[in-house]
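Subject: Structure for you to look at

Dear colleague,

I am passing on the structure we spoke about, together with some notes on what was found in it. Please have it open while you read.

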Amino acid sequence: MTTSYQQRPQTASSKAPSTRSVIGESKMAVNAGDGGGRLVVDGLEKHYELDGAEVPVVKGVTFTIEPGMFYSLLGPSGCGKTTTLRCVAGLENSNGGRISLDGKVLSTGTEHVSPDKRDIGMVFQNYAIWPHMSVFDNAVFPLRVSAGKLPKHEARKRAMEALELVQLDGFAHRPATALSGGQQQRLALARALAHRPRLLLLDEPLSNLDAKLRDTMRNELRRLQQSLGITALYVTHDQSEALSMSDRVAVMNGGRIVQEASPRELYFQPADRFVADFVGRVNMISAVVRDRDENGDALVEAFGTRMITPCPRGVGKGEDVTITFRPEGVRWHEVAPDRPNVLPARVVRVEFLGEIVEYEVEVLSGQTVVGSLVARGAPQNSPSTGSTIHLELPPHACRVLTA
Ligand SMILES: Nc1ncnc2c1ncn2[C@@H]1O[C@H](COP(=O)(O)OP(=O)(O)OP(=O)(O)O)[C@@H](O)[C@H]1O
Ligand SMILES: [Mg+2]
């Protein structure tokens, strides 16, 4: 078998594009000069006592965030994202493992530096702004009471700079409750940034905002984080948020990190079925490896047809595997092209989604339906329901996962 036409996907880290901004440039960006800290979390363990039993919820979580990096923990509800973040913040005491920021040990599992001495800012999902205070007082209050309490004029200056940074300086004397949802979220951000932390923790900070505002705030947040050079640890269950904003993403499941990678790597090279399924939509089909070559390609049998796909080392002849491919990686033709991986199929559903069309097909072997797949493509060129087409799964779009 010879295949030399594989085009591997790019694996470079993606930077969110800078866009039109409502968050202004500020003196603070200059003042923040020393940039962000380096966070090392090593073997973090946390359990809770439930009905007299110790239940582990974070199980040996290990990761490093380099200075200035935007790092996300992504995973389904209950997988331990918030607990990990709270252990880093010092709001929970871990039961094991080590957390350090710029070499300063914050937690060893038995000893814990108090939250106000950690040089960390935090933004929560529910903003947690103080409703009885003005916008300005919300921003200045932590600076007046925290461990490193600042002189009045310095606290005032920093609070105003932080408000300016998120373009709320004009609202300083308003009651905090007289702000919109997006403005309240920006106030929470200003408050977290006002004392110039070395690390910013964000727990689902955009999930209470409507879809449009969430998109805008994503860009704002990313741009601000980059211009300040601050290190950010972001928690979300929203894969598009994690992919669009992060330098690195760690996918968590059941208290563990199952894969850490750049957004592109995660999307195009998921380590297992869980990641493939959680990060974006994916087709998974069962296959058997029939042959493989030294270029890393395999000949597999799926749907009773021989197909070519890149294949990781160590996967041998006769092995049962899963082939994954994204709906947008599939092409369709009226006449079968003379290329590998072409399957006859019948279109059973076509759904118009605006910028794309999604269609579901039954894969045919003669008249027999042997499976179903989902594909996506441009709306200008979509097949019609009931038609018989030829689906092409280009080898470079396929990926083999073992059990
Ligand atoms: N104080 C607590 N006492 C007991 N169990 C807890 C406590 N806090 C969290 N848990 C449990 O720990 C597990 C992890 O919770 P955590 O809040 O870290 O999840 P999460 O990944 O942030 O989920 P979500 O996306 O829903 O916010 C869950 O099963 C949760 O029920
Ligand atoms: Mg949570």
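Predicted model: local features only at pLDDT ≥ 70, side-chain atom pairs only at ≥ 80, totals over all residues.

Ala 287 is buried, because its relative accessible area is 3%, and the cut-off for calling a residue buried is under 20%. This residue belongs to strand 11, which covers residues 283-292. If its neighbours within four places in sequence are left aside, Ala 287 is in contact with Val 300, Glu 301, Ala 302, Glu 319, Asp 320, Val 321 and Ile 323. By contrast, the C-alpha atom of Ala 287 is separated by 42 Å from that of Leu 201, a residue 86 places away along the chain.

With that residue placed, here is the chain as a whole. The protein chain has 403 residues, of which 48% count as buried, and its secondary structure comes to 9 helices and 20 strands. Its C-alpha atoms fill a box of roughly 80 × 45 × 45 Å, taken along the principal axes. Among the contacts in the chain with a separation of 6 or more, 68% are accounted for by residues 24 or more positions apart.

Turning to the sheets, one of them is open and has 4 strands in the order 2-1-4-5, with antiparallel pairing. Strand 2 (53-65) and strand 5 (104-107) stand at its edges and have a single partner strand each, so that one side of each is left without a neighbour in the sheet. On average, and with direction ignored, neighbouring strands here are turned by 35 degrees against each other. Within this sheet, strand 1 (residues 39-50) pairs with strand 4 (residues 96-101) in the antiparallel sense over 5 bridges, and Leu 39 has Leu 101 of strand 4 as its bridge partner.

Another open sheet is formed by 6 strands in the order 6-7-8-3-9-10, and its pairing is mixed. Strand 6 (120-123) and strand 10 (256-261) are at the edges of this sheet, each with a single partner strand, so one side of each has no neighbour in the sheet. Neighbouring strands are turned by 20 degrees against each other on average, direction ignored. One of the pairings is that of strand 3 (residues 70-74) with strand 9 (residues 248-253), which is parallel and runs over 4 bridges; there, Leu 74 stands opposite Val 251 in strand 9.

Helix 5, for its part, lies across strand 6 and strand 7, at about 170 degrees to strand 6.

What surrounds ligand 1? The residues around this ligand are Tyr 48, Leu 50, Val 57, Pro 76, Ser 77, Gly 78, Cys 79, Gly 80, Lys 81, Thr 82, Thr 83 and Glu 204. A backbone N or O atom of Gly 80 lies 3.0 Å from an oxygen atom of the ligand. In the side chain of Lys 81, an N or O atom is 2.8 Å from an oxygen atom of ligand 1, and for the side chain of Thr 83 the corresponding distance is 2.5 Å.

The buried residues of helix 3 are Val 135, Phe 136, Asn 138, Ala 139, Val 140, Pro 142 and Leu 143, and what covers them includes helix 4 and helix 5.

Finally, strand 19 (residues 388-392) is joined to strand 15 (residues 331-333) by 3 bridges, and the two run antiparallel, with His 333 opposite His 390. Strand 16 (residues 342-352) is also antiparallel to strand 19 and joined to it by 5 bridges, and Arg 346 has Thr 388 as its bridge partner there.

How values were computed. Residues numbered from 1 in each chain as written. Chains lettered and ligands numbered in written order. Heavy atoms only, no water. Pairing = 2+ DSSP bridges. Axes fitted to C-alpha atoms, helices over the stretch in contact; angles between N-to-C directions. Near = heavy atom within 4 Å. Polar contact = N/O pair within 3.5 Å; in protein donor to acceptor, adjacent residues only side chain to side chain. Buried < 20%, exposed > 50% of the residue type's maximum accessible area, 1.4 Å probe, protein only. Contact = heavy atoms within 4.5 Å.
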